[in-house]
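Please consider the structure shown below.

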Amino acid sequence: MSLNVETKQTTPYEGQKPGTSGLRKKVKVFTQPNYTENFVQCILEANGTALVGSTLVVGGDGRYYCKEAAELIIRICAGNGVAKLLVGQNGILSTPAVSSLIRHNKALGGIVLTASHNPGGPENDFGIKFNCENGGPAPDAFTNKIYQLSTTIKAYTLVPSLQIDISKVGVSNYDIGGKPFVVEVIDSVANYVRHMEEIFDFGKLHDFVSGKSNGKPLKMRIDSMNGVTGAYVREIFLNRLGATEASVVHTTPLPDFGGLHPDPNLTYAKDLVETVAKGDYDIGAAFDGDGDRNMIIGSKAFFVTPSDSLAVIAHYLDAIPYFQKNGVQGFARSMPTASAVDLVGKKLGKEVFEVPTGWKYFGNLMDAGRLCLCGEESFGTGSNHIREKDGIWAVLAWISVMQHTGKSIEDILKQHWSVYGRNYFTRYDYEECDLEPCNEMMATMEKNITAAEFVGKSFSSEGKTYKVKEADNFSYTDPVDKSLATKQGLRIVFDDGSRIVMRLSGTGSSGATVRLYIDSYEKQNVLGQASVMLKPLIDIALEISQLPKFTGRNAPTVIT
Ligand code: VG1
Ligand code: CO
């Protein structure tokens with residue numbers, strides 16, 4: 001039976017502007033009449049003529065409204081000439097899994113349903129993001145196009161009578177006004193697990209994790225925080241690598257993440273940190289809602305900063321078969337990320353790139369064959385195996401390094417610092433501030449730090465003095481396509497390489513979140529406590545920005 005396409009009239013909604021990674025709003029905003037429909041229609045139209053006859057991947061982190069949105073997207077895709085959809089069972093696919101599927105199936109792209117590390121549930125956040133055919137988040141030019149379309153949209157098309165049950169794996173064929181349309185509901189984890197098996201030596205890792213090689217099983221606590229990684233973690237760590245059931249927790253993806261805030265940092269992954277601090281573990285790890293972030297801690301909750309994590313993996317790429325097969329190209333990090341990896345890159349004679357915040361900026365470099373490993377201080381680590389950061393990949397990388405060196409996480413870090421020196425790093429987040437005063441604060445600070453007399457100025461606190469070497473609002477020209485991204489964060493660099501960076505978050509769904517990043521390098525004094533070492537610089541940052549005055553906040557909501 002042929003199904004009919006219908007055109008529905010609509011009017012634009014304000015603010016459908018994708019941020020650092022997709023459009024994120026409260027569920028209540030997305031469920032307004034035509035809100036999701038409008039945005040999805042604009043995503044599809046932004047693909048131009050390539051859309052007709054294309055294959056797209058659809059899936060998300062299982063948060064509240066994912067399944068309904070997936071079904072709606074199927075009907076809208078059917079109405080817009082898409083030929084085939086690959087949909088995760090029950091609408092579930094981690095962000096890295098979507099990226100991998102797009103690449104393996106040579107799809108035109110994928111629609112990812114997630115607000116990532118933002119809380120879920122009917123009162124919390126939902127999000128939609130488009131990834132392009134390289135598997136990576138759509139670049140600025142593309143998301144600007146989506147936004148432009150959203151300001152003028154008049155109609156969307158869909159096939160309202162299309163019935164689909166996405167809880168069962170299988171292929172459904174439809175006839176849409178005489179044209180075939182295929183929906184393939186796929187196992188959410190199979191392709192991703194196969195991909196990880198190609199990258200890592202699962203045989204070696206199995207013997208190491210299960211204890212077959214030395215009689216001592218690896219003591220792990222892997223916390224999926226009720227996000228999407230649960231399904232992947234169970235298959236990989238329990239079924240493939242022989243870990244015990246006690247090694248994994250919170251592995252059922254829940255619509256509201258069981259009330260947890262699946263943001264893997266020292267504040268929101270408190271349960272993991274406390275458990276590993278008290279117990280007898282070799283490694284603790286947590287992920288965010290959509291599985292692209294990771295936090296790694298060692299025995300006694302020894303914290304590995306994401307900036308260090310990236311540098312250590314870069315140093316030990318030999319431990320991962322993928323890099324032996326594919327070679328090692330350059331490294332990269334986002335601008336606020338501490339520059340530990342730069343030192344490894346320098347030693348290995350590799351190019352090192354500094355890009356704006358957001359994974360989309362790594363894609364071109366990877367596609368051009370210049371980048372194989374990159375990371376962000378926001379608990380993002382990944383490689384050119386896909387075009388997203390990849391939480392589970394990062395844990396497998398760390399276990400590979402542990403197996404390769406035979407050392408504990410703490411010893412691996414201490415040895416790394418003794419060779420390269422240490423980048424002390426901390427990030428203060430001031431969440432849900434009022435937007436206006438924050439904009440004013442940023443504007444005032446930009447004016448002050450870009451004034452000619454600012455360079456050369458000295459600031460002192462607690463006996464330490466820092467002299468300004470340069471200061472700007474970071475801008476970036478993509479080395480591959482020469483596209484320019486401006487106003488990517490205020491940056492003060494001091495004589496000794498220490499840095500203060502401040503920017504407003506682009507992933508929040510309401511108000512403003514201020515992020516203050518502090519980075520300081522020590523060649524010799526590598527065993528200090530980060531909070532103590534960085535205190536003077538934090539005080540200076542608060543003085544220069546006048547943050548307490550503008551935001552009314554005396555303390556951050558999250559410290560990492
Ligand atoms: C944050 C992080 C950034 C990351 C982005 C998406 O953005 O700082 O490094 O790429 O989230 O991560 P912002 O604009 O809020 O600082 V995820 O896991 O939320 O897709
Ligand atoms: Co995420």
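The paragraphs that follow discuss a helix, pairs of aromatic rings and charges placed over rings.

The model is predicted. The buried residues of H10 are Pro-306, Ser-307, Asp-308, Ser-309, Leu-310, Ala-311, Val-312, Ile-313 and Ala-314.

Attention now turns to the aromatic rings. The structure contains 15 aromatic pairs. One of them joins Phe-30 and Tyr-35 in an edge-to-face arrangement, with 5.4 Å from centre to centre and 80° between the planes. Both Phe-30 and Tyr-35 are buried. Another pair is formed by Phe-303 and Phe-379; it is tilted, with a centre-to-centre distance of 6.2 Å and an angle of 45° between the planes. Phe-303 belongs to the loop between strand S14 (294-298) and H10, whereas Phe-379 belongs to the loop between strand S17 (371-376) and strand S18 (380-383), so this pair ties together parts that are 76 residues apart in sequence. Phe-303 has 21% relative accessibility and therefore counts as partly exposed, because buried means under 20%. Phe-379, with a relative accessible area of 3%, is buried.

Phe-30 and Tyr-35 also belong to a cluster linked by ring pairs, together with Tyr-13, Tyr-65 and Phe-126.

Finally, charged side chains also meet aromatic rings. Lys-17 lies over the face of Tyr-147, at 4.7 Å from the ring centre. Arg-422 is placed over the face of Trp-417, at 4.0 Å from the ring centre.

Conventions. Residues are numbered from 1 along each chain as its sequence is written. Chains are lettered from A and ligands numbered from 1 in the order in which they are written. This is a predicted model: local features need pLDDT of at least 70, side-chain atom pairs count only at pLDDT 80 or more; totals for chains, interfaces and linings use all residues. Side-chain values use heavy atoms; hydrogens and water are left out. Buried means under 20% relative accessible area, exposed over 50%, partly exposed in between (1.4 Å probe, protein chains only). Helices (H or I, at least four residues) and strands (E, at least two) are DSSP runs, numbered from the N terminus. Rings of Phe, Tyr and Trp (its six-membered ring) pair if their centres lie within 6.5 Å; planes under 30 degrees apart count as stacked, over 60 as edge-to-face and the rest as tilted. A charge sits over a ring if NZ of Lys or CZ of Arg is within 6 Å of the ring centre and within 35 degrees of the ring normal.
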